[in-house]
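Here are my notes for your first pass through this structure. Keep the 3D view open and find each residue as it comes up.

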Amino acid sequence: MTGMTAQVFCLRYLFGMPTAALQMYRADDSGFHEKPAPQSTVRPENRVDYYTHASLLAFTSGKHFSGFYRRWFKSFSARVQSFHELNDNWTQQPDLLAFFERNFALAVVEATCGTILERENPNLAEDLAAYARYSPSLSKGLPRCFAPSAYAVRDKLFANVKSWHKQAEKNFNPSSVDDDGDADPFWGSEFMRSRQKIFQGFGGFDEDAAAASDLGFIWALTYNIVPTAMWVVLEIHKEPILRSTIRTELKQEGLLGDIQSDDIQKVLNLPRLQSVYAECLRLYTQAVVPRETAQKVQINGWEFPKGSTIVISTDVAQLDKAAWNTGIDNGHPIEKFWAERFLSYPEDPNSGPIMKSSIIQTGRVGGVQDETQKCHANGPIFSEKTTVGHWIPYGGGARICPGRHFAKRAIMTAAATMTSNFDIQILASEEQMKMDSRGYGLAAQRPVGRIPYRIKRWSESRE
Ligand code: HEM
């Protein structure tokens, strides 16, 4: 199954891809695997989906992946440096999402695209945030006269990307590349350099098409990861008992205080932090994952002819009452956040994200036994094997989100850093903290209102 219709839709409406380049995508029936689909007549150099997808996978899981994470870490740490100078007095801030839209998002953009975009546009953070807010209107394909502000911010970012491309092309030379063979100060990464070469090889691609494509990538890079990181920090700090449990977990791994990029494996293994991360994605992600059938298929007794579009809503699976564990006497309903939902305790056979009855039905009992054997003497483990098919915030199959490994690393590192160094007191009302589903289908949702908060430095010795 392919996802081409959705891709063309996003390229056209969300990113403003010119018609000639869109035509290339529409004509590309060769698939995204190395070997073209047998019936395809697309010329090898016009295999737009295959070439862009292969370079994406190389970037998000290839040899430069750890360098990408380290660049993000360095940039994020530098951006939050001023917060480390906070003292024991509370400092009030207007919006927790705005904190992530600036410090977290710009670090992700810098790690991928270098610094020119931000240097050229000091309001890059605010523009990306506005672009995200307007994305639901853009994705509906409203004409310009009905959404002038949405198009204005998209045009501004498009011009920003075009100007970055021009400057990078003018100033880059191979000696600017770091010793790691990846980062450079103009394009930012080997990924961005290789994309340019790929674009130049496509007949039908001009500089506007290249800018629209990179604007689309920057959108994918930031749109979902930013609110998800915010929800994780919000949920941890909203609940002082949870925050203190996470601190205990961080302390046990020697991660209280100064977390370094080399600590990433330890951070990724923290059961409770992983559970909070997974639960936030379960609760606050509403994606529609579309696929077209390359041939006739049968699913659950339904027959779909070749060329049908099938749409999977992630929240249907993620809020399935028949599958998810909701605790004793439904104490943790499926529509509510529960930090422990993804934890399995060796001494409690009823713990774990998926109800035992549902595990037996799907025949995944072996997976549970494997996982619980790994439990520490008396601590829980993060349990995920049984959630396959139920927890799908990143989509699934061969087109699953390629950014998921990076997203997990960056979100968990940011949450660990902000829990081990700061006390954050959330001042928003329950109404403000509700999820705003206007972006339904685009994946991670934002809160309805602003999230005002107070922040002060925290360390164990100050307690
Ligand atoms: C919490 C963070 C994220 C969430 C919830 C998320 C969610 C998704 C979903 C649901 C899809 C569709 C997958 C499918 O069709 O099966 C997707 C695709 C995609 N994501 Fe993510 N994503 C996140 C972070 C990222 C990041 C950090 C990047 C970049 C490094 C990224 C890049 C992409 C790209 C390029 C695609 C399209 C892939 C293709 O064309 O095949 N995402 N994402």
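1. **Domains.** Start with the domain assignment, which gives domain 1 (1–313 + 395–463) and domain 2 (321–389). Keep in mind that this is a predicted model. The C-alpha centres of the two domains are 29 Å apart.

2. **Where the domains touch.** On the domain 1 side, 10 residues are in contact with 11 residues of domain 2. Which helix gives the largest share of that domain 1 side? Helix H15 (residues 271–284) does, with eight residues. Sorted by class, the domain 1 side has five nonpolar, two polar and three charged residues.

3. **The largest nonpolar core.** This core holds 109 residues. Val108, Ala229, Val232, Val233, Ile411 and Ala415 touch the most other members. Helix H6 (residues 96–113) gives the most to the core, namely 12 residues. Both domains take part: domain 1 (1–313 + 395–463) and domain 2 (321–389) each supply at least three residues.

4. **A closer look at Ala229.** Pick out Ala229 in the core. Which residues does Ala229 contact, once neighbours within four places in sequence are left aside? They are Phe100, Phe104, Ile411 and Ala414. Ile411 is also among the core residues that touch the most other members.

5. **Helix H19.** H19 has 18 residues. From its first C-alpha to its last it reaches 26 Å, close to the 26 Å expected at 1.5 Å a residue. Why call H19 largely enclosed by the rest of the structure? Because 14 of its 18 residues are buried.

6. **Helix H10.** Helix H10 (residues 190–201) has 12 residues. It reaches 17 Å from first C-alpha to last, close to the 16 Å expected at 1.5 Å a residue. Its buried residues are Glu190, Phe191, Met192, Arg195 and Phe199. Against which helices do they pack? The answer is H3, H6 and H11.

7. Pro174 is in the loop between helix H9 (148–171) and H10. Is Pro174 buried or exposed? It is exposed, because 7 other C-beta atoms lie within 10 Å, and a residue with 12 or fewer counts as exposed. Pro174 and Glu101 are 73 residues apart in sequence, and their C-alpha atoms are 32 Å apart in space.

8. **Ile426.** This residue is in strand S8 (residues 422–426). Ile426 has 19 other C-beta atoms within 10 Å, so it is partly exposed. Leaving aside neighbours within four places in sequence, Ile426 contacts Leu234, His237, Lys238, Ile451 and Tyr453. Ile426 and Leu106 are 320 residues apart in sequence and 23 Å apart in space, C-alpha to C-alpha.

9. **Ser429.** Ser429 is in the loop between S8 and strand S9 (435–436). It is exposed because 12 other C-beta atoms lie within 10 Å. The exposed class covers 12 or fewer. Ser429 and Lys251 are 178 residues apart along the chain, with 31 Å between their C-alpha atoms.

10. **Two positive phi angles.** Phi of Asn300 is near 45°, a positive value in a residue other than glycine. Asn300 sits in the loop between strand S3 (297–299) and strand S4 (302–304). It counts as exposed, because it has 4 C-beta neighbours inside 10 Å. Asp329 is not a glycine either, and its phi is positive at about 50°. Its loop runs between helix H16 (314–318) and strand S6 (343–344). Asp329 has 6 other C-beta atoms within 10 Å, so it is exposed.

Terms used: Residues are numbered from 1 along each chain as its sequence is written. This is a predicted model: local features need pLDDT of at least 70, side-chain atom pairs count only at pLDDT 80 or more; totals for chains, interfaces and linings use all residues. A nonpolar core is a set of buried Ala, Val, Leu, Ile, Met, Phe, Trp, Tyr and Cys residues joined through C-beta atoms within 7 Å. A residue is buried if 20 or more other C-beta atoms lie within 10 Å of its own, exposed if 12 or fewer, and partly exposed in between; C-beta atoms are placed from the backbone. Helices (H or I, at least four residues) and strands (E, at least two) are DSSP runs, numbered from the N terminus. Domain bounds come from an automatic or database domain assignment. Two residues are in contact if their C-beta atoms, placed from the backbone, lie within 7 Å. Ala, Val, Leu, Ile, Met, Phe, Trp, Tyr, Cys and Pro count as nonpolar, Asp, Glu, Lys and Arg as charged, and the others, Gly among them, as polar. The expected span of a helix is 1.5 Å times one less than its number of residues.
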